[in-house]
Amino acid sequence: MGSRAVAGPAAARRVIVVGGGYAGTTCAVALGRALQPSDDVEVLVIEPDPCQQALSELDLVAVGPPRPQFCELWHPNVFRDLPVTMCYSRVTEIDPEKRSVTIETGERVDYWRLVVATGAVPWVPDVPGLREKAITMWSVEDAQELQLAIEDSFKLAARTPDRQGRRRALSYTVVGGGATGVEIVGTLGQMLPSRMREAGLDPDDLRVTLIEARPQILYDLPEPLRVEAIKRLESMGVIVITGDKLVSVTPDEVRLESERVVPSTVLVWCGGAKADPHAADWGFPTDPDGRIRVGETLKPEGLEDVYVIGDVASAKHPKTGKVLPMLAQVAIQQGPAVAASILAESRGGAAAPFVPHLRGEFVSVGPRWGVGWMYSMRLKGIPAIVMKRITYVKYWLQVGGVRLAWHRTREMLSMQR
């Protein structure tokens, strides 16, 4: 529904969820499924985009056939059978004292409980030429932009008579050796040769480069798996450069701190993310990275009616004391945990401490091969990619049930052929 439908008398217990990503969606779904009429709780999700962007699936469509809908989960579909109301707008102000939020129309909406789940945005440093040239990889629109850039580079190569010029036209660079960067560059390395053959171009003219400023890629994975990932990338012909920083970007090349020059017609930036910058504007306590500090129940200090979850939350692991990473699996666990706490509070109970369970992490290196760990096991190749795809199915089951999981699984399998 539109924002104008928000007006009206406030419910005695209105729960406002700000943000419709992994954390916000799972929280609203869990609340919607568990509520009873006697709870007298209304759930309102405020999010400008009617689709959840499933970022961990972008590698499947960024280079392949134009199937952007695979990376989108429509909120009207997810919430259609649940007592959850959508408001497609942005929150411009949060007033914890008045227990209200203001949306971009100027309308103020009161809450009984507030869940801030506004996520993160790409972090792009102030490197000369980078912001003008780079394609970030944070949404379906970004994936479509990459698709168009690849098509344009193919057309440029086809019009170029000399081989050196064609090789320059067909040079692709991914900056950032984390999970997203490795997944994108692996998909480029595996899928572009066949696409070039279909277009009548010579795959020998292809140049794909991965640049990571730190000494190694995939720092969240054990060392042996990082080595396997590099071997796999190099077997595809991907050039992996580590320990070298980007210092400038021009339309057809990038320059590194070592003075190395890398031809680059298409540049994809996967160099990191930062918490939603609005968090600082809303007056919540933040850490040096701009994430909102929360306690063990995921509430900011002194605010008993506010929860903060997902990438925007600076939550510490109860055992290690380290701030939890910006991972989808953390957000997917925090959403239902907060829903359970809100439900308990509505029935006279108390919020429970959040205890994360990091069971594993998998990274695809091309659409049909991966690396990762699960509990004490390290996996590579087809077993790893199967486990990664299973995490998608589990999420679809969590937010949409068997119907959504079955539909999306069939679509995923068709894209893998």
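This is a predicted model: local features need pLDDT of at least 70, side-chain atom pairs count only at pLDDT 80 or more; totals for chains, interfaces and linings use all residues.

Colleague: In which helix does Y392 lie, and why is Y392 called buried or exposed?

Modeller: Y392 belongs to helix α10, residues 382-416; helices are DSSP runs of H or I with at least four residues, strands are runs of E with at least two, and both are numbered from the N terminus. Buried means under 20% relative accessible area, exposed over 50%, and partly exposed in between, with a 1.4 Å probe and protein chains only. Y392 has a relative accessible area of 3%, so Y392 is buried.

Colleague: What makes D152 buried, exposed or partly exposed?

Modeller: D152 is found in helix α4 (residues 140-159). The relative accessibility of D152 is 48%, so D152 counts as partly exposed. Its C-alpha atom and that of L170, 18 residues apart along the chain, are separated by 9.9 Å.

Colleague: What makes the phi of L218 and of Y375 worth noting?

Modeller: Most residues other than glycine have a negative phi. Phi of L218 is positive, near 50°, and Y375, which is not a glycine either, has a positive phi of about 55°. L218 is in the loop between β13 (207-212) and α7 (223-235), while Y375 is in the loop between β24 (370-374) and β25 (377-381). L218 has a relative accessible area of 4% and is therefore buried; Y375, at 58% relative accessibility, counts as exposed.

Colleague: Which residues does A331 touch, and how do you know that A331 is buried or exposed?

Modeller: A331 lies in helix α9, residues 328-346. With 5% relative accessibility, A331 counts as buried. Contact means heavy atoms within 4.5 Å; leaving aside residues up to four places away in sequence, A331 touches Y22, A23, T26 and G310. A331 and T26 are 305 residues apart along the chain, and their C-alpha atoms are separated by 8.3 Å.

Colleague: Which contacts does D95 make?

Modeller: D95, in strand β6 (residues 91-95), touches S100 and Y111, again not counting residues up to four places away in sequence.

Colleague: Why is one space called a cavity and another a pocket?

Modeller: On a 1 Å grid over the protein atoms alone, a cavity is a set of points where a 1.4 Å probe fits but cannot get out, whereas a pocket is an open set with protein on both sides within 12 Å along at least five of seven lines; lining residues have an atom within 4 Å of a point. The search of the whole structure finds one cavity of 30 Å³ or more. The largest cavity has a volume of about 40 Å³, and its lining includes G310, L324, L327 and A331. Helix α9 supplies the largest share of that lining, three residues.

Colleague: How many residues of the second largest pocket are nonpolar, polar and charged?

Modeller: Six are nonpolar, three polar and three charged; Ala, Val, Leu, Ile, Met, Phe, Trp, Tyr, Cys and Pro count as nonpolar, Asp, Glu, Lys and Arg as charged, and the others, Gly among them, as polar. Among the lining residues are D220, H317, L324 and W373. The pocket holds about 280 Å³, where grid points are joined across faces, edges and corners and a volume is the space filled by probe spheres set on the points.

Colleague: Why is the protein called as compact as a globular protein of that length?

Modeller: The protein has ten helices and 25 strands. Its radius of gyration is 22 Å, close to the 22 Å that the globule rule gives for 417 residues, so the protein is as compact as a globular protein of that length. The radius is taken over C-alpha atoms, and the rule is 2.2 Å times the number of residues to the power 0.38. Of the 417 residues, 54% count as buried.

Note on methods:
Residues are numbered from 1 along each chain as its sequence is written. Side-chain values use heavy atoms; hydrogens and water are left out.
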